[in-house]
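Hi,

Here is the structure I promised to send over.

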Amino acid sequence: MSEDEEKVKLRRLEPAIQKFIKIVIPTDLERLRKHQINIEKYQRCRIWDKLHEEHINAGRTVQQLRSNIREIEKLCLKVRKDDLVLLKRMIDPVKEEASAATAEFLQLHLESVEELKKQFNDEEILLQPPLTRSMTVGGLN
């Protein structure tokens, strides 16, 4: 039996693929968008504990999104060659959207981490006691 004979027609897997395309991936993308809005808000308002929590949750959403894309790709491996062009036309826009959203989030995450480092360093400088003459010239007299 040839490899293509073991595969199934697109019509058989289409309900599962449509579920990913119309429900699963858009839900993940919407959740990621909400995380991004919250991250920007918490950063503006300097609510560091919530910001940290939001970064963790957004990272989990990105992992889930990537996992769901891998699941779609596994389904694609089960489809016959003669249906691949149609399948590719169905899933490529969703994959591109997911990839762009992930890249956008990772850029926001990087910028947020840099901003946090800057804020932390600025606050640390403000909390340091001012240098006195005795500390700068030969210690205590």
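His55 is buried, with a relative accessible area of 9%. Buried here means under 20% relative accessible area, exposed means over 50%, and partly exposed is anything in between, using a 1.4 Å probe and protein chains only. This histidine is found in helix H3. Leaving aside neighbours within four places in sequence, His55 is in contact with Ile39, His109 and Ser112, where contact means heavy atoms within 4.5 Å.

Before you read on, two notes on where this comes from. This is a predicted model, so local features need pLDDT of at least 70 and side-chain atom pairs count only at pLDDT 80 or more, while totals for chains, interfaces and linings use all residues. Residues are numbered from 1 along each chain as its sequence is written, and side-chain values use heavy atoms, with hydrogens and water left out.

Now the overall picture. The chain has five helices and zero strands, and its elements run α-α-α-α-α from the N terminus on. Helices (H or I, at least four residues) and strands (E, at least two) are DSSP runs, numbered from the N terminus. Of the chain's 141 residues, 29% count as buried. Among the contacts with a separation of 6 or more, 80% are between residues 24 or more positions apart. The accessible surface of the chain comes to about 10200 Å², and 55% of that belongs to carbon and sulfur atoms. Those areas come from the Shrake-Rupley method with a 1.4 Å probe; for residues, only the protein chains shown count as cover.

What about the inside? The largest nonpolar core has 29 residues, and those with the most contacts inside it are Ile17, Ile25, Leu32, Leu87 and Ile91. Helix H2 (10-45), helix H3 (48-76) and helix H4 (84-127) are the elements that give two or more residues to this core. The largest share, 11 residues, comes from H2. A nonpolar core, by the way, is a set of buried Ala, Val, Leu, Ile, Met, Phe, Trp, Tyr and Cys residues joined through side-chain atoms within 4.5 Å.

Which residues is Leu32 in contact with, leaving aside its neighbours within four places in sequence? They are Ala58, Thr61, Val62, Leu65, Ala101, Thr102 and Phe105.

One of those partners, Ala101, is worth a look from its own side. Ala101 is found in helix H4 and counts as buried because its relative accessible area is 17%. Not counting residues up to four places away in sequence, Ala101 touches Leu29, Leu32 and Gln36. Ala101 and Glu30 are 71 residues apart in sequence, and their C-alpha atoms are 9.9 Å apart in space.

On to the charged pairs. Side chains of opposite charge can pair when their charged atoms come close. The structure holds five salt bridges, a salt bridge being a side-chain nitrogen of Lys or Arg within 4 Å of a carboxyl oxygen of Asp or Glu. Here are some of them:

- Glu73 and Lys95 meet through their side chains at 3.0 Å, N to O. This pair links distant parts of the chain, with Glu73 in helix H3 and Lys95 in helix H4, 22 residues apart. Glu73 is partly exposed at 33%, and Lys95 is partly exposed at 25%.
- Arg31 and Asp28 form a salt bridge at 3.1 Å, N to O. Both lie in helix H2, three residues apart, about one turn of the helix. Is Asp28 buried or exposed? Asp28 counts as buried, because its relative accessibility is 4%, whereas Arg31 is partly exposed at 36%.
- Glu71 and Lys74 form a salt bridge at 3.4 Å, N to O. Both lie in helix H3, three residues apart, about one turn of the helix. Glu71 is partly exposed at 32%, and so is Lys74 at 48%.

One last thing, about the backbone. Arg46 has a phi near 60°, a positive value in a residue other than glycine. Arg46 is found in the loop between H2 and H3, and counts as partly exposed because its relative accessible area is 46%.

Cheers
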